[in-house]
Amino acid sequence: MVEAWYMDESQEDQRAPHRLRPNRAVGLEQLRRLGVIYRKLDADNYETDPCLKEIRRAENYSWMDIVTIHKDKLPNYEEKIKTFYEEHLHLDDEIRYILDGSGYFDVRDKDDKWIRISMEKGDMITLPAGIYHRFTLDENNYVKAMRLFVGEPVWTAYNRPADDFPARKQYVKFLAEEAQ
């Protein structure tokens, strides 16, 4: 099962866990109230997994690819790692399914505090359009992930501040409705 927690303010190595002391765990319900959807799937059989097939059909995820993030596999590795860790949002949902390895997605809560979500093999996450987030590898420095999209992929990330985009305004409205 996925593990998530509030992050400390340390500027040390981004690949470290960065847990508050004492730890402040975050449960799936709190993530759901932020619009973050988590699923656990069978990564060993992703090519034939009926659960993945049904999710893709139900959510209309018609496009996918697989990316490996490792210094020996990803061109411009160091530059890409820095880019992924810049706080940003997308105008579409971001869907990632971890097929091997591990890493962290960090998302902002309703009070603008960072929550770190530890992702490992078999974890699928959907981050809603408009949520500020970032990604980094953990100390294992390797992840293989499936990227899923509705229609043609759009890779554009908008670094913070990006509050004037309709996707951000819609997300902020969602958070306000969830708080009621």
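**Note on the annotated binding site**

1. An unreviewed UniProt entry places the feature "binding site" at His 88, His 90, Glu 94 and His 133; such annotations may be inferred rather than shown by experiment. These residues are spread over 46 residues of sequence, yet they cluster in space, with a largest C-alpha distance of 11.6 Å. The lining of the largest pocket takes in His 88, His 90, Glu 94 and His 133. A pocket is an open set of points on a 1 Å grid where a 1.4 Å probe fits, with protein on both sides within 12 Å along at least five of seven lines, and lining residues have an atom within 4 Å of a point.

2. The model is predicted: local features need pLDDT of at least 70, side-chain atom pairs count only at pLDDT 80 or more, and totals for chains, interfaces and linings use all residues. Residues are numbered from 1 along each chain, and side-chain values use heavy atoms, without hydrogens or water.

3. His 90 lies in the loop between β5 (88-89) and β6 (94-108), strands being DSSP runs of E of at least two residues. His 90 counts as buried because its relative accessibility is 14%, the limit being under 20% with a 1.4 Å probe and protein chains only. Beyond four places in sequence, its contacts (heavy atoms within 4.5 Å) include His 133, Trp 155 and Ala 167.

4. Glu 94 belongs to strand β6 and is also buried, at 10% relative accessibility. Among the residues it touches, not counting those up to four places away in sequence, are His 88, Phe 105 and His 133.

5. What does the side chain of Glu 94 make a polar contact with? The partner is the side chain of His 90, at 2.8 Å. A polar contact is a pair of N or O atoms within 3.5 Å, one able to donate a hydrogen and the other to accept it.

Key: Helices (H or I, at least four residues) and strands (E, at least two) are DSSP runs, numbered from the N terminus. Buried means under 20% relative accessible area, exposed over 50%, partly exposed in between (1.4 Å probe, protein chains only).
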